[in-house]
Amino acid sequence: MVNAGDTAWILISSALVLLMTPGLAFFYGGMVRRKNVLSVLMQCFIIMCVLSLQWVLVGYSLSFAPSKGFWGGLQWFGLNGVGLEPYADYAGTIPHQAFMIFQAMFAIITPALIIGAFAERMKFSAFLVFTLLWATFVYDPLCNWVWGMGGWLRNLGALDFAGGTVVHINAGIAALVTAIVLGRRNNLEKNVPTPHNLPFVVLGTGLLWFGWFGFNAGSALAANGLAVNAFVVTNTAAAAAGLSWALIEWLRNGKPTVFGVCSGVVAGLVAITPAAGFVSVIPAIIIGLLVSVICFIAVTVIKPLFGYDDSLDAFGVHCVGGIWGALATGLFASKLVNPAGANGVFFGNPKQFFIQLLAVGVTIVYTAVATFVIYKLVDIFVGVRVDEKSEAIGLDLTQHRERAYTILE
Amino acid sequence: MKLVIAIIQPYKLEEVKEELYNVEVNLITVSEVLGHGRQKGVTEVYRGSKETGNLLRKIRLEIAVNDNYLEPTIKAIVKGAKTGETGDGKIFVLDLKECIRIRTEERGTTAIG
Amino acid sequence: MINQADTLFVLLSAAFVMLMTPGLAFFYGGMVRRKNILSVLMQCFVALCLLSLQWILFGYSLSFAPGNGFWGGFSWFGLNGVGSTPYAGYSATIPHQAFMVFQMMFAVITPALIIGAFAERMKFSAFLVFTLLWATFVYDPLCHWVWGEGGWLRNLGVLDFAGGIVVHTSAGIAALVTTIVIGKRKNLEHSPSPHNLPFVVLGTALLWFGWYGFNAGSALAVNGIAVNAFITTNTAAAAAGLSWAFLEWIRNGKPTVFGIVTGSIAGLATITPASGFVSPVSAILIGIAASIVCFIAVAVTKPRFGYDDSLDAFGVHGVGGILGTLLTGVLASKAINPLGANGLFYGNPKQLLIQLLAVAVAVTYTFLVTFGIYKLVDVFFRMRVSEKDELVGLDLTQHRERAYTILE
């Protein structure tokens, strides 16, 4: 039975999640140098185009058609059989296509998150091929394991409300791999790039926060108490994380920064994502407060120590925050919040923590290996990195023949 | 005292700065400018229409030096900015009549360094 | 009984209102000088973080829990007892937490509105303490009086649909107080111009968009009143934007972008208390009145008295909020909202007196308590940055950041 309220909620949530990708574009775009802002905006926008098509043609089928073990098979190719009748195994009260388009927005933003790792140095053509392959061979199978009918991680009982493993850890590990194999940007030691437009970062953060309500509360797939809970804890974790990042900076560097608050907010949103439908408000505050500490260490201590150039901290925020969120779900989940979920360690079920750990481990290993292989393949056929001079001139001019800003008039 | 004005490629700024530090020239003023050179402009495309002959973006350096620093400064700029292709830029050297440090009101060669 | 459509509408409205705070950040941020934009964005974002937590921990309880005459007490501390069952005293058809989170966004944006008054010169640490105290001792009690169960202004029958008194009057008066006590910015004679007007326009667009959630969402249900509020909101914003442009055209010779967006915001602030009680035609009147009165406040009164309300938080929100609350007492009609009351034009002059009393109470209370809080924080933290820091700009001195790079 199609329910009007639920359907309206999911359609609106889809629109909210769609807005996150332009939000991400500004979040990332503000951080790069003036000469590269268009390349980042372009990558985000082209992903909206490419993956929207990939999803309706093959992606949805590979991800959500009843599992054949590795992925879903092609029986829903071109949305064949995906109509306006609800598909009860995913969402019994909304048209199947509404569920499909909601999931499409997740499939779009996940590869877009990786952009942060290779910003300012990847060739546009290579980016296109890489993204398409990555979505098909990494995102779609993983999505099938965790959320698809018969997916083996789902059958194990792994909890991932809105995409901690599927979206954030997944994208974050891919970010780490690409950042390492692609190598550092040139001249990084002498010339630490500063964000060229911090207000854009703030704008992006605002849009991400707004859209995240659709991401998390929409994942309840109905307009009900669970959606309300997800909405409330999402806001709470974001607030706690933004505040604690500012406090950490205040203690360590003497001044709290806008960039820090924005980073903290996004880290908090990432961390609460897998937990949003399973934890209550007080655990959300704890998850938010701690994610800033963990991500702050990842970004300011671990990254310089190992020297990989994760330009915009896609790994440091999304993967690290995602892992913390997935594990925290195993700690704080409670059946009082969501009877369909499970209890975590603090509610007398330590087994859940190990299931979460296993899901995280599987994601990390699979994504790391598959991403590496895809990267190497693309590198052989297309060449992933731009040449040194193009990098120095900037990707806007060399890849797109455009400039973002004029100087005069 | 001389005033060195150099027009260079934007993406060479970091290398030029590095070379200048190596010869202990630390006080420079940098601005972003537009100019016509001999080279054809980089083609830019907006909504499908090509725009050629645009003014090119360049970086303008201004460096005041004492006479004994002039040649090292010029060499450093050339070393940092030269690619051998058109568009590398130009260096102008002007006589500098006076230099005053505002804070101390020192004048002349002591005010430059 | 939980109604799904209502729940989804209120949740969505909460998201809309959340977006207003980033919108406000850009609305204000575009108006300040380049050296201070980050400080404004930071203040808005930190308000969003700080007050989200304050609200969950005790703000909601102080504002909405059944309590004594002054505020709501601590019975709902940490959302204790605030769950997914509806609380009929506020909204019988949505989970109690949905109502809570919708109200949270109001508690967030109200202190953020005040930022416009002391922009470009307040110390960040002092701002944090001030905001927390202000939210707790001004917003929460006032909210309780007007909207809380047993609140004495509510019992008197005051009409404030979406926050003309609670949000705009209180923030506007607090803005006036802080701007007077903190004093003018240095070097004001070279009147600082907005460093990025497109940001102001972007912010206005996000505010206008979010305001549908603010006003229509305040119906707390998908019904005719929500639709009416949606329409009056849009109408008043449009009428006010247009009439501000005409005023400028007549007075200064040219209509400005800055003017039309200021007018729209004035219209939105003014229609807020009235949106669920007046007809669309009344909304046009309210919009036009908002522009005229706020224009006078900003362009005539402010220069005459010489206070430095940097971004016109008082001139637009305070004046607009007061005006709107009074006009509600004039133009409200039971034909629009049977749960409301008739105003002066519909044969009930008493309503205008009630509105007047509520405004007077809100103004007096906010004025005194804001002053007290300001002085208290000033003693411990010093509110104002040093003169040199002010000249260098708050971005560098308070946050060690710059908004824009020049090269590359």
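Predicted model: local features only at pLDDT ≥ 70, side-chain atom pairs only at ≥ 80, totals over all residues.
Biologist: How many helices and strands does chain B have?

Modeller: Helices (H or I, at least four residues) and strands (E, at least two) are DSSP runs, numbered from the N terminus. Read along the sequence, chain B follows β-α-β-β-β-β-α-β-α, and its secondary structure comes to 3 helices and 6 strands.

Biologist: In what order do the 4 strands of the open sheet in chain B stand?

Modeller: Two strands pair if DSSP finds at least two bridges between them. In chain B, β1 (residues 2-8) and β5 (residues 56-65) pair in the antiparallel sense over 7 bridges, and 7 bridges also join β2(B) to β5(B). The edge strands, each pairing on one side only, are β2 (29-35) and β6 (89-95) of chain B. The order of the open sheet is therefore β2-β5-β1-β6.

Biologist: Which residue of β5(B) stands opposite I5(B)?

Modeller: Within β5(B), L3(B) has A64(B) as its bridge partner, and V30(B) has L61(B). The residue opposite I5(B) is E62(B).

Biologist: Is β5(B) mostly covered or mostly uncovered, and how many of its residues are buried?

Modeller: A residue is buried if 20 or more other C-beta atoms lie within 10 Å of its own, exposed if 12 or fewer, and partly exposed in between, with C-beta atoms placed from the backbone. Of the 113 residues of chain B, 22% count as buried. Strand β5(B) is mostly covered, its buried residues numbering 7 of 10.

Biologist: At about what angle does helix α2 of chain B run to β1(B)?

Modeller: Axes are lines fitted to C-alpha atoms, for helices over the stretch in contact, and angles run from 0 to 180 degrees between N-to-C directions; two residues are in contact if their C-beta atoms, placed from the backbone, lie within 7 Å. Helix α2 (residues 67-81) of chain B lies across β1, β5 and β6 of chain B, and its angle to β1(B) is about 5 degrees.

Biologist: Which helix of chain A gives the most to the side that touches chain C?

Modeller: The contact takes 45 residues from chain A and 43 residues from chain C. Several helices of chain A each supply at least two residues of that side, including α1 (4-29) and α10 (281-306). The one that gives the most, with 13 residues, is α8(A).

Biologist: Why does the radius of gyration of chain C agree with a compact globule?

Modeller: The radius of gyration is taken over C-alpha atoms, and the globule rule is 2.2 Å times the number of residues to the power 0.38. Chain C comes to 14 helices and 0 strands, and of its 408 residues 64% count as buried. With 408 residues, a compact globule would have a radius near 22 Å, which agrees with the value for chain C, 20 Å.

Definitions and conventions
Residues numbered from 1 in each chain as written. Chains lettered and ligands numbered in written order.
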